[in-house]
Amino acid sequence: MMQDLETILEQRGGERRAALIAQDRRALEDLLADDLIHVHASGAVQNKGEFLTYALEVMRFVDIAQHEAAVRPAGDNGAIVSGAVTTSLMRRATGEQLTSRTFATQVWRRESGGLWRQVAYHATRLP
């Protein structure tokens, strides 16, 4: 069971990272729960719509690397994934390049039909 959960969430996390880099709105809408809460390392808090605007119009995700993620079940239909993440971004308005090293905690929920969606993301900047 745990191995299956790790495999599923590793795949869904990879799909999320690929969708952000590819700017694939349709895939992101499928991966993110409607009640998503996304907390950036800056402390900014966004709902799903605000995060989609940020990811598709404000910033450009160039690369996202998840490092040694740990998966823990949270009840029958939930899981927590945590680990270091390195993200390369570009501000669309200025072309400024940024690299963010964070520790991220993600909460995933299995919804009807067995599809896992991210319901929360919280990043803290690493030193």
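1. A residue is called buried when its relative accessible area is under 20%, exposed when over 50%, and partly exposed in between, using a 1.4 Å probe and protein chains only. By that rule Arg 117 counts as buried, at 18% relative accessibility.

2. This is a predicted model, in which local features need pLDDT of at least 70 and side-chain atom pairs count only at pLDDT 80 or more, while totals for chains, interfaces and linings use all residues. Residues are numbered from 1 along each chain as its sequence is written, and side-chain values use heavy atoms, leaving out hydrogens and water.

3. Side chains of opposite charge can pair when their charged atoms come close. A salt bridge here is a side-chain nitrogen of Lys or Arg within 4 Å of a carboxyl oxygen of Asp or Glu, and a search of the whole structure finds nine of them. One of these joins Arg 117 to Glu 111, with the closest N and O atoms 2.7 Å apart.

4. Asp 30 forms a salt bridge with Arg 12, with 3.7 Å between the closest N and O atoms. Asp 30 is partly exposed, with a relative accessible area of 30%, whereas Arg 12 is buried, at 9%.

5. Arg 109 pairs with Asp 35 in another salt bridge, where the closest N and O atoms are 2.8 Å apart. Both partners are partly exposed, Arg 109 with a relative accessible area of 27% and Asp 35 with 42%.
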